Amino acid sequence: MPHLTPPRQLPDTAAGADPDAVVAPDAAATSDDTAVGKPAESAEPVSADEAAASADVEPGKDAEDAGAPASGARPAPTQAATASDSVPFETTVPEAAPPGRPGWFGWRRRHPRAARAVRVGTGVLAAALVLAVLLVPNRLDRITVQSFLRLPVEAILLAALLLGLPSKPRRITAGALGVFLGLSTVLKCLDMGFRQTLARPFDLVFDWVLLSDAADWMKDSFGRFGEMLAVTGVIVLVVVVLAVSALATVRLANVMARHRPVAVRTTLVLGVVWVICFTLGVQFGGVTLATKGYAQYLANRVQYVRDGLGDADVFKKQMTVDAFADTPPDQLLTGLRGKDVMFTFIESYGRVAIDDPAMAPEVDATLKEGDARLKSAGFAARSGWLRSPVTGAGSWLAHSTFLSGTWIKNQQRYRTLTTSDRATLTSYFQKTGAWRTVGIVPGVRKSWPEGKYFGLDHIYDSTHLGYRGPYFSWTPVPDQFSLEAFQKLEHGKKNRDPIMAEIILASSHNPWSPIARTIDWKDLGDGSVFYKIKKEGTNPTEVWKSAKRVRTEYRKAIQYSLDSLTQWVQRYGDKNTVLVFLGDHQPVPTVTAGSTSRDVPVTIVARDPKVLDRVAGWGWTEGLKPADNAPQWSMNKFRDRFMTAYGPGTR
């Protein structure tokens, strides 16, 4: 029996088509993924859904109804079977692939137009995101529409790098660069937050400890739940930023690779445009069009880190210079022997409280009332200005600057100082043996080992003042109660030695809501009375929705602290009382409204005229309010000038 060749199976033709027509293999490409006439070994497997999509057939519809071969039909033998079985002009038909759902679970095949729109949209968004990361400033006040209408050289260099890499290294490099861009975005956000709070960028060397302080502030201001919510939100946001940045960069690299000729030409053209615009200084809306701002930002951050790492050696040399280190104890502070000396810091009491037109009238009235109280009790005052090393926050840095006579501008310097043997103003009082030195520090709520460094014989923190009332947001103890506790625990004792006290008044600490108010000193009791006062106060969440309300509450808090202090002097001060009070730093930029000043008021109050006579040469203003043109010193200069004025060589 002769060998029979199976009949050839030809694709069904569409209705009305000539069944004898010959279709050239190169003439029919049905989609980006499949083509009629492709050799079997180069054809990608396709599912029934894919075949239907490529033929514009709804998924699930019978293929024969659409004029296509049945998806389950077995293909005819091909030319490669055997020489004897071959048929001239045999058409190669690939074997049908098993069913599957490629491309977003088959969605791209069912909706090709929408899929293309998504691909184009994600590509555009990826490019926009990368450009935004490169162009966004690290300051909120500099974010404008014009800041994003620039051509960054970093984007051109990034494109050139990715276009020059093979496929796998390109994807790896794109992902790594995307993560780096995400990290720089997080750093810029930290810069924005620190500038809004501390009027300076985030310090990569010293500021990590402040993040813990920020979490504590959130807990004290908005409760434990508010703290947990904020911390969780920040962590999730950081992860999302890193992931989205990496995905966007990889997506952009893939798009450029698929359209390499166009991408190469575009990169070259933009490079030439950037060079021309940069050379000519072309500007748009007052902003330079060709920018290298991102590279400059990174360079500045690297230099900032290098300076921070090298600052330790510089500071150690500065600490060795102390004009009073070898002075005998009996020659120290002789002009204050027998006096009770109080160094009192008023939290966030800055120049803005006195100079700002929106706050000045009310604060000025409070200062005049204080002057009247002091005068009625026989006291006089002299006031000037000090320039703080910090603004917005960092009170302990200002305190240590004032007391040590060194410029403590970061946490590393603070730690170096408090582990050294450099004497402070308070420790010099202790060294004489003529004073009992105490600290009233209601803002301290946990272990404070640095307290011993400052030369304090005894420290009263928030848990040792006898207070049984509520917190006022961050403030554990209202100022009036802290001063009354000092009177009961130390100043009011009979037959005691002279006292040198460091007192921290914390009621004017951010967020200034709710605020305590002064009451009759006889009604203070154990502080329980403040529960009712707190209920009458404002809600910090509501206050901070408006910058105007924040400024108003800040002003009220300063007035409360000043009233508490001047009332205490009027009530309990005597001929031996010497009070030095000052602000530690300016408040946050929300209150200062763009002011770059770091000045804080400083005042000396005494009943004994000889005390003020010793500082007559300082040129300070009479009264509690320093004049605009009153002398302004760096805060670290006060210690030596004070000790000189009240030393044996001054009369």
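Strand β7 and strand β8 (residues 458–461) pair in the parallel sense over 4 bridges, where pairing requires that DSSP finds at least two bridges between the strands and where helices (H or I, at least four residues) and strands (E, at least two) are DSSP runs numbered from the N terminus. The model is predicted, and local features need pLDDT of at least 70, side-chain atom pairs count only at pLDDT 80 or more, and totals for chains, interfaces and linings use all residues. Residues are numbered from 1 along each chain as its sequence is written, and side-chain values use heavy atoms, with hydrogens and water left out.

**Strands**

Of the 6 residues of β7, 5 are buried, so that the strand is mostly covered; buried means under 20% relative accessible area, exposed over 50%, and partly exposed in between, with a 1.4 Å probe and protein chains only.

Strand β11 (residues 599–606) is likewise mostly covered, with 8 of its 8 residues buried. In a regular strand the side chains alternate between the two faces of the sheet. In β11, Asp-599, Pro-601, Thr-603 and Val-605 point one way, while Val-600, Val-602, Ile-604 and Ala-606 point the other way, and all are buried.

| Strands | Sense | Bridges | A pair of residues |
|---|---|---|---|
| β6 (residues 380–387) and β11 | antiparallel | 8 bridges | Leu-386 and Val-600 |
| β10 (residues 577–583) and β11 | antiparallel | 5 bridges | Leu-582 and Val-602 |

**Helices**

Helix α10 (residues 360–376) packs with helix α17 (residues 547–572) at an angle of about 5 degrees, their axes being 9 Å apart; axes are lines fitted to C-alpha atoms, for helices over the stretch in contact, and angles run from 0 to 180 degrees between N-to-C directions. That angle makes α10 roughly parallel to α17, a class that covers angles under 35 degrees, with over 145 counted as roughly antiparallel, 65 to 115 as roughly perpendicular and the rest as oblique. The contact (heavy atoms within 4.5 Å) involves residues including Glu-362, Leu-367 and Arg-373 of α10 and Arg-555, Leu-562 and Asp-563 of α17.

Helix α4 (residues 153–163) is mostly covered, with 8 of its 11 residues buried, among them Val-153, Glu-154, Ile-156 and Leu-163.

**Aromatic pairs**

The structure holds 26 aromatic pairs, in which rings of Phe, Tyr and Trp (its six-membered ring) have centres within 6.5 Å, planes under 30 degrees apart counting as stacked, over 60 as edge-to-face and the rest as tilted. Phe-324 and Tyr-428 form an edge-to-face pair, 6.4 Å centre to centre with 70 degrees between the planes. Because Phe-324 lies in the loop between α8 (293–319) and β5 (340–346) and Tyr-428 in helix α13 (residues 425–432), the pair ties together parts that are 104 residues apart in sequence. Phe-324 and Tyr-428 are both buried.

The rings of Trp-512 and Tyr-554, with centres 5.2 Å apart and planes at 75 degrees, are therefore edge-to-face. Trp-512 lies in the loop between β9 and α15 (530–536) and Tyr-554 in helix α17, so this pair ties together parts that are 42 residues apart in sequence. Trp-512 and Tyr-554 are both buried.
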